Amino acid sequence: MLKGRSLIDPMDFTVEELEEIFKLADDIIANPKEYMHAAEGKILATLFYEPSTRTRFSFETAMLRLGGQVVGFSEPNSSSVSKGETIADTIRIVSCYADIAAMRHPKEGAPKVASMYSTIPVINAGDGGHQHPTQTLTDLLTMRRTKKRLSNLTIGMCGDLKFGRTVHSLIKAMSRYDNNKIILISPDELKVPEYIKKEMLDKNNVEYKEAKRIEDVIDELDVLYMTRVQKERFFNEEDYIRLKDSYILNENKLKSAKDDMIILHPLPRVNEISYEVDNDKRAYYFKQAKNGMYVRMALMAKLMGVL
Ligand code: NCD
């Protein structure tokens, strides 16, 4: 039963529960009109303590497309947070008014704290450099729809693997399915943190290797997951400037890629994917963003217990 639960970490739901969400998302994509009134009378609160376009809009449009309504803030300075209110108190109050909440926060663990004090489901919409489970639902749904499977895949994850929370969540999620191989492509300074290697990859016996250049491994990949260098999590600007253009995917680099490889990116893109790639049939990042809205519709409907 997903009703009443929160989603804080990609491992909070079983593989079977995820499947339930993906099946509903598939049906919403096929028959959107049938779901127009599913959440009538329900209210989503979006508590965004950190900037976002896609994630917040996709949550909000997801709720509106289910027939529900939305309140929230995208700028903590315009709420009582600026008066010093704690997360525990904010969520206690929000629980009185709304039926479900989505929270993004620069501090790791903040949505988890909120879920401990909340009487409504809380969804982690990204906490610092930690996790981003609904982006992972988006990524998994996109792979499931294009590759028709979530196992037996070779996935290259490229860019800022140190601070990129989408990558951390995706590694966690993919390590649960059989026979996936992960290739981690990053400069030395932006490698995946050791705890992820130990606790996710080694613990689950996931085959993985590290690489420095996209060109050296691209021919092996079924999925190439590009990410932006996470400027806001750097301690000094010099390091950011030195590393920001480490990877730029272009048509030339794609020459040796498989014909049916898919290119994903959680977006926003900065420089990592040249615009010329947008016209390549393997570019899936915009469709992926659209899937993000549908999977959030399915997720919220399940957590609110309306479907
Ligand atoms: C990601 C995030 O916020 O972590 N964006 C998103 O939610 N689609 C990726 C990023 O900001 O680089």
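Biologist: Which domains is the protein divided into?
Modeller: The protein splits into domain 1 (10-131 + 292-304) and domain 2 (134-288), with bounds that come from an automatic or database domain assignment. This is a predicted model, in which local features need pLDDT of at least 70 and side-chain atom pairs count only at pLDDT 80 or more, while totals for chains, interfaces and linings use all residues. Residues are numbered from 1 along each chain as its sequence is written, and side-chain values use heavy atoms, with hydrogens and water left out.

Biologist: How many residues does the contact take from domain 1 and from domain 2?
Modeller: Domain 1 gives 30 residues and domain 2 gives 22 residues, where contact means heavy atoms within 4.5 Å.

Biologist: And what area do they bury between them?
Modeller: About 2,300 Å² is buried between domain 1 and domain 2, 54% of it on carbon and sulfur atoms; buried area is the accessible area (1.4 Å probe) that two parts lose on being put together, summed over both.

Biologist: Which residues in domain 1 lose the most area?
Modeller: Those are M11, F22 and Q131, which together account for 25% of what the domain 1 side buries.

Biologist: Switching to charges, how many salt bridges are found across the interface?
Modeller: The rule finds 5 between domain 1 and domain 2, a salt bridge being a side-chain nitrogen of Lys or Arg within 4 Å of a carboxyl oxygen of Asp or Glu.

Biologist: How far apart are the closest N and O atoms of R145 and D26?
Modeller: In the salt bridge that R145 forms with D26, those atoms are 2.7 Å apart.
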